Amino acid sequence: MRIALFGTSADPPTAGHQAILSWLSEHYDWVAVWAADNPFKSHQTALIHRAAMLQLLISDIQTSRHNIALEQELSSFRTLETLEKAKMRWGENPEYTLVIGSDLLNQLPRWYQVEDLLRQVQLLVVPRPGYAIDESSLEGVQKLGGKIAIASLTGLDISSTAYREHGDSQALTPPIVAYINREHLYKCQDATTKSFQLR
């Protein structure tokens, strides 16, 4: 059994995340996804909201694919702890693949006990526009023991950051937009709403 482990900040989750999840569901037996706090980033929104939005994103895909699930209990500051939780859930036998965006490749050597982690997982890097995969980063991870594959998928040219900073709701799916509006989650959204109320 091949299990893809995909933790993401999801602040908020975008159509880009959904495209990655759809692709993973076609290439792995099971896709476990969760909202995570990245110690190298600051987050605007509570984890409970980010997990709820991820579930909405997954529900959209589950109409055609049934091998993706929100596994929020896997969430941890340390990916090695996430892997330990996964092994408690599914055992030692599955082949675990850790999925990361190309924007995280440079951070990877600074992760907690990264060599121990890389001994136990395959690594799948999803190319992201604006974050070229350079040979020196790949070599650095390989020297730490990383077994790397590059996904034959390029992420969409949209990001959570662009939404937070500019309020571009084209990056989001309609259920996520509705959730954000209902919960008043992002300043950019509040500003947009207020400008409509003033007219």
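Student: Before we start, which rings pair, and how are pairs sorted?
Tutor: Rings of Phe, Tyr and Trp (its six-membered ring) pair if their centres lie within 6.5 Å; planes under 30 degrees apart are stacked, over 60 edge-to-face, the rest tilted. This is a predicted model, where local features need pLDDT of at least 70, side-chain atom pairs need 80 or more, and totals for chains, interfaces and linings use all residues. Residues are numbered from 1 along each chain as its sequence is written, and side-chain values use heavy atoms, without hydrogens and water.

Student: How many aromatic pairs in the whole structure?
Tutor: One. Tyrosine 163 and tyrosine 186 sit edge-to-face, 5.6 Å centre to centre, with 90° between the planes.

Student: Which parts does that pair tie together?
Tutor: Tyrosine 163 is in helix H6 (160–166), and tyrosine 186 is in the loop between helices H7 (174–183) and H8 (187–198), so the pair links parts 23 residues apart in sequence. Helices are DSSP runs of H or I, at least four residues; strands are runs of E, at least two; both are numbered from the N terminus.

Student: Is tyrosine 186 buried or exposed?
Tutor: Buried, at 0% relative accessibility. Buried means under 20% relative accessible area, exposed over 50%, partly exposed in between (1.4 Å probe, protein chains only). Tyrosine 163 is buried too, at 1%.

Student: New topic. Where is threonine 97?
Tutor: In strand S4, residues 95–101. Threonine 97 is buried, at 2%.

Student: What does threonine 97 touch?
Tutor: Leaving out residues up to four places away in sequence, its contacts (heavy atoms within 4.5 Å) are Ile3, Ala4, Leu5, Tyr28, Gln122, Leu123 and Leu124.
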